[in-house]
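Biologist: Hi! Could you walk me through this one while I have it open?
Modeller: Happy to, let's bring it up.
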Amino acid sequence: MPRYDPADVKARARRRWAEILVQVAGLPPEILDGDHHPCPKCGGADRFRFTDRDGDGSLICNNCARRDCGDGLAAVRWATGLEFGEALARVAEFVGAPEAAGAGRNGKPGHGPAGKPQTGQHRSIDPGKDLEPVPWSDLLAAMFCRRKAPIQPAAILA
């Protein structure tokens, strides 16, 4: 299985978790609006909600996902039953994250002895050059607008 840097994958997935949870984890989009809904796993009447604190993909079910879904990767694992590595790989492929260059000590990419970053491996990030535009998504626009009323999708397009 390819190896991915979890921090890189999470950074690329930031604020895209609703789309990821629909496409990768198979959750219905209508329950990812921040309101209380029936839980897709345990069926509780109104105990599930997508909290997405600061775009991290977190969710809560007061019965079956109290502590286990503190971020989007954990939410994917919870929804799918996948192990961490497989969930990470699926999200990485979805967001277009590159495979880790090489695994150093402790399996952390780019780390040398004692887990310390190797010199010369830091690079500056130029958003204009390094970020890829994401295609327009009516679903994401509608979800955003629902949480940020009175904003409408047409205003975002404008």
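Modeller: Let me start with a salt bridge: the side chains of R90 and E86 meet at 3.0 Å, N to O. Bear in mind that this is a predicted model.
Biologist: Noted. How far apart are R90 and E86 in helix α4?
Modeller: They are four residues apart in α4, so about one helical turn separates them.
Biologist: How many salt bridges does the structure hold?
Modeller: Seven. One of them pairs the side chains of D35 and R146, with an N to O distance of 2.9 Å.
Biologist: Where do D35 and R146 lie?
Modeller: D35 is in the loop between α2 (17–23) and β1, while R146 is in helix α6, so this pair ties together parts that are 111 residues apart in sequence.
Biologist: Nice. Which residues are linked with D35 and R146 in a network?
Modeller: D33 joins them, giving a salt-bridge network of D33, D35 and R146. As for accessibility, D35 is partly exposed at 36%, and R146 counts as exposed at 52%.
Biologist: Let me zoom out for a second. What pattern does the protein follow along the sequence?
Modeller: It reads α-α-β-β-α-α-α-α-α, with seven helices and two strands. Of its 158 residues, 33% are buried.
Biologist: Back to α4, then. At what angle do the axes of α1 and α4 cross?
Modeller: Roughly 45°, and the axes of α1 (residues 6–13) and α4 (residues 84–95) come within 10 Å. The two helices are therefore oblique to each other.
Biologist: Left-handed or right-handed, that crossing of α1 and α4?
Modeller: Left-handed.
Biologist: Where are D52 and D54?
Modeller: D52 is in the loop between β1 (48–50) and β2 (59–61), and D54 is in the loop between β1 and β2 as well.
Biologist: Buried or exposed, for D52 and D54?
Modeller: D52 is buried, with 17% relative accessible area, whereas D54 is exposed at 55%.
Biologist: What does the side chain of R53 meet?
Modeller: The side chain of D56, in a salt bridge with an N to O distance of 3.7 Å. R53 is partly exposed at 46%, but D56 is buried at 16%, because its relative accessible area falls under the 20% cut-off.
Biologist: Where is the cis peptide bond?
Modeller: It joins A149 and P150, with omega about 15°. P150 is in the loop between α6 and α7 (153–157).
Biologist: Last one, the surface. Which residues form the nonpolar patch?
Modeller: W136, F144, I151, I156 and L157, with about 470 Å² of accessible area together.
Biologist: Which helix is F144 in, and what is its relative accessible area?
Modeller: F144 is in α6, residues 138–147. Its relative accessible area is 40%, so F144 is partly exposed.
Biologist: Great, thanks for the tour!

Methods
Residues numbered from 1 in each chain as written. Predicted model: local features only at pLDDT ≥ 70, side-chain atom pairs only at ≥ 80, totals over all residues. Heavy atoms only, no water. Patch = residues over 30% accessible without salt bridge, like charges linked within 9 Å, V, L, I, M, F, W, Y side chains within 5 Å. Areas by Shrake-Rupley, 256 points an atom, 1.4 Å probe, with all protein chains shown as cover. Salt bridge = Lys/Arg side-chain N within 4 Å of Asp/Glu carboxyl O. Buried < 20%, exposed > 50% of the residue type's maximum accessible area, 1.4 Å probe, protein only. Axes fitted to C-alpha atoms, helices over the stretch in contact; angles between N-to-C directions. Parallel < 35°, antiparallel > 145°, perpendicular 65-115°, else oblique. Left-handed = near helix turned anticlockwise from the far one by under 90°.
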